[in-house]
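Keep the 3D view open and follow the residues as they come up.

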Amino acid sequence: MLHQDGCWSNGVPSVCVCVYFGEEHNNILGYGWAGMLRRYLVDPVEMWWPANLAQVSLFRALHEKENKGEGMTRMRFFMIFLVLSFAYYALPGYLFPILTFFSWVCWVWPNSITAQQIGSGYHGLGVGAFTLDWAGISAYHGSPLVTPWTSILNVGAGFIAFIYIIVPICYWKYDTFDARKFPIFSNKLFTATGHEYDTTRILTPQFDLNIAAYKSYSKLYLSPLFALSIGSGFARFTATLTHVALFHGGDIWKQSKSAVKNAKIDIHAKLMQSYKQVPQWWYLVMLVGSIALSLVMCFVWKEDVQLPWWGFLFAFGLAWLVTLPIGVIQATTNQQPGYDIIAQFIIGYILPGKPIANLLFKIYGRISTIHALSFLSDLKLGHYMKIPPRCMFTAQLVGTLVAGTVNLAVSWWMLENIENLCDIEGLHPESPWTCPKFKVTFDASVIWGLIGPERLFGSGGLYRNLVWLFLIGAFLPVPVWIMSKIFPEKKWIPLINIPVISYGFAGMPPATPTNIASWLVTGMIFNYFVFKYRKQWWQKYNYILSAALDAGTAFMGVLLFFALQNEGVNLKWWGAKPDHCPLATCPTATGINVTGCPIF
């Protein structure tokens with residue numbers, strides 16, 4: 001059985017179990033990385049983790065008493081907007097889903113493919129489209145209300161350059177990578193004739209690549225925005241390493257030489273020193289135990305998982321290498337440059353034609369980093385709130401064990417009981433089980449694992465020129481660093497952050513340009529205009545508003561699912577069909593015949 005939710009299954013024991021088990025016990029592995037990196041990413045005052053400020057503001061509102069004579073209390077403000085957010089999400093979440101992506105351009109030009117490619121919020125560049133759904137705004141880059149204005153500027157610069165300049169030129173002017181044979185933006189994989197790629201036609205019963213079938217069927221093609229987004233991942237990875245080495249390498253080196261005592265210590269760090277600290281060996285025990293458990297799994301289910309023992313160790317080594325530089329970026333800008341593409345690119349070259357091995361390498365090499373950074377963020381939250389480190393450690397560990405067990409059980413139940421899970425073609429049109437994020441995970445395992453980077457990005461591959469972005473990304477932070485040294489009085493120069501600029505077009509797909517554009521506009525309104533002209537209001541209520549919107553939307557989302565969507569109670573009317581841009585998914589190359597699209 002083949003699930004398009006990022007999970008491959010070939011019998012018992014199921015690889016799906018291995019995959020989900022790997023994701024959950026990577027939480028424990030993440031503890032190990034977090035414990036080893038505390039001194040670099042939690043203690044220094046420069047590592048301030050912006051996303052924590054909303055939670056700090058919420059906790060203060062819940063527990064601190066305020067003078068009612070100084071305007072509305074933060075607690076009352078939070079409750080009002082939680083209720084408003086809860087009630088409002090019934091519109092985009094169920095009653096009026098068109099508010100999720102309001103693509104008015106498609107209404108003005110209902111018969112124009114080009115106009116719908118430009119204006120579609122779901123399948124196009126999203127020009128003029130917008131979302132009035134907080135879940136859509138904060139889905140991929142987090143809450144814009146807690147992201148520093150400088151980070152929003154960097155992300156916006158990258159987004160504008162990519163979506164409004166690079167992609168249109170590549171698609172309409174140069175037809176790069178045979179781009180016009182495919183939709184301008186899609187998370188699907190395609191054949192040379194513009195049709196969706198049928199992965200089952202090139203698989204062996206053991207889920208290896210059938211080379212003869214691949215050659216007789218078709219090479220693999222990507223939508224142009226998808227391909228360019230992968231290329232941006234190449235640049236982002238090397239830019240992150242160079243940026244952190246240049247701008248933060250000195251501080252990291254000093255701390256590595258046990259000079260932390262001479263580093264700047266803020267009042268939070270001084271107060272936390274009065275608590276009994278968590279011994280380093282606690283974290284190391286979990287790290288070593290998790291690694292040992294992973295190796296046991298690879299020996300017990302050797303044929304199923306495809307990834308040999310040295311592949312697991314390689315994944316752990318890669319995670320250890322990149323967690324620190326990525327953590328520095330996240331702790332200072334609230335953006336987390338991923339290296340999913342790099343992890344799968346590397347193992348795809350080493351073990352081509354092994355999609356399950358590729359997926360597991362990503363899980364152990366990348367997902368453990370995500371969990372480590374999440375734990376480090378929690379430790380910084382405890383740092384701000386003066387929570388005893390051992391209490392924080394215990395709460396995290398218990399929560400991880402409970403959540404991991406429940407998540408594994410629920411995931412397995414879904415795979416067994418939900419028909420056509422994540423299969424968009426086989427699902428009912430109003431089904432919520434479309435799994436856009438996991439569909440991209442599945443596609444990535446096909447691109448990097450099954451087909452392999454050599455066939456797509458090697459010397460004879462269609463996308464071979466994208467590999468140059470590794471070199472370009474490594475070079476781009478250098479001029480910024482040099483200028484910051486030549487003109488130290490220009491404080492804005494070090495704020496130019498190449499990894500964050502490249503993050504402006506990260507995550508697409510499954511993120512759409514409309515998601516990112518709406519995130520940018522919302523962040524600009526609150527963190528520039530409101531901050532500039534209503535600073536007292538911003539200081540008191542901005543982070544509380546972010547927490548209220550998150551909480552209200554989440555509560556209504558759960559209620560809608562269990563009360564209506566899970567029972568199959570779906571509305572069928574014009575407003576329940578988002579986007580209304582059917583031609584946006586059409587190719588424009590001559591002679592390409594796709595159902596529902598005109599032939600040029």
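Start at Phe 234. Leaving aside residues up to four places away in sequence, Phe 234 touches Ile 341, Ile 342, Phe 345, Trp 448, Phe 457, Leu 466, Val 467, Leu 469 and Phe 470. Bear in mind that this is a predicted model.

Now widen the view. Phe 234 belongs to the largest nonpolar core, which has 131 residues.

Aromatic rings come next. The structure holds 36 aromatic pairs. One of them is Phe 182 with Phe 190. Their ring centres are 5.5 Å apart, and their planes meet at 35 degrees, so the pair is tilted.

H18 covers residues 436-451, 16 residues in all. At 1.5 Å a residue, H18 should span 22 Å. Its end C-alpha atoms are 21 Å apart, which agrees. H18 is mostly covered, with 13 of its 16 residues buried. Gly 452 follows H18 and has a positive phi, near 95 degrees.

Compare H3, residues 74-88. This helix has 15 residues and should span 21 Å at 1.5 Å a residue. The distance between its end C-alpha atoms is 21 Å, in agreement. Which residues of H3 are buried? They are Arg 74, Phe 77, Phe 78, Leu 82 and Ser 85. Seen down the axis of H3, the buried residues fall within an arc of 130 degrees, so they line one face of the helix. What do they pack against? The buried residues of H3 pack against helix H2 (52-63) and H24.

A disulfide is a covalent bond between the sulfur atoms of two cysteines. The structure holds two disulfides. In one, Cys 106 pairs with Cys 581, the sulfur atoms 1.9 Å apart. The torsion about this S-S bond is 105 degrees, and the link of Cys 106 and Cys 581 is right-handed. This pair links distant parts of the chain, 475 residues apart. Cys 106 sits in helix H5 (residues 104-108), while Cys 581 lies in the segment after helix H24 (535-563). Cys 106 has 2% relative accessibility, so it counts as buried. Cys 581, at 4%, counts as buried too.

The other disulfide joins Cys 586 to Cys 597, with an S to S distance of 2.0 Å. Its torsion is about -85 degrees, so this disulfide is left-handed. Cys 586 and Cys 597 both lie in the segment after H24, so the pair ties together parts that are 11 residues apart in sequence. Cys 586 is buried at 0% relative accessibility. Cys 597 is buried as well, with a relative accessible area of 13%.

Cys 170 counts as buried because its relative accessibility is 17%, and the cut-off is under 20%. Cys 391 is partly exposed, with a relative accessible area of 48%.

Finish at a loop. Pro 337 lies between helix H14 (309-333) and helix H15 (340-350). Not counting residues up to four places away in sequence, its contacts are Arg 236, Thr 240, Ile 326, Ile 329, Arg 366, Pro 499 and Tyr 503. Thr 240 is 97 residues from Pro 337 along the chain, yet their C-alpha atoms are separated by 7.6 Å.

Terms used
Residues are numbered from 1 along each chain as its sequence is written. This is a predicted model: local features need pLDDT of at least 70, side-chain atom pairs count only at pLDDT 80 or more; totals for chains, interfaces and linings use all residues. Side-chain values use heavy atoms; hydrogens and water are left out. A nonpolar core is a set of buried Ala, Val, Leu, Ile, Met, Phe, Trp, Tyr and Cys residues joined through side-chain atoms within 4.5 Å. Buried means under 20% relative accessible area, exposed over 50%, partly exposed in between (1.4 Å probe, protein chains only). Contact means heavy atoms within 4.5 Å. A disulfide is a pair of cysteine sulfur atoms within 2.5 Å. Helices (H or I, at least four residues) and strands (E, at least two) are DSSP runs, numbered from the N terminus. The expected span of a helix is 1.5 Å times one less than its number of residues. The arc is that of the directions from the helix axis to the C-beta atoms. Rings of Phe, Tyr and Trp (its six-membered ring) pair if their centres lie within 6.5 Å; planes under 30 degrees apart count as stacked, over 60 as edge-to-face and the rest as tilted.
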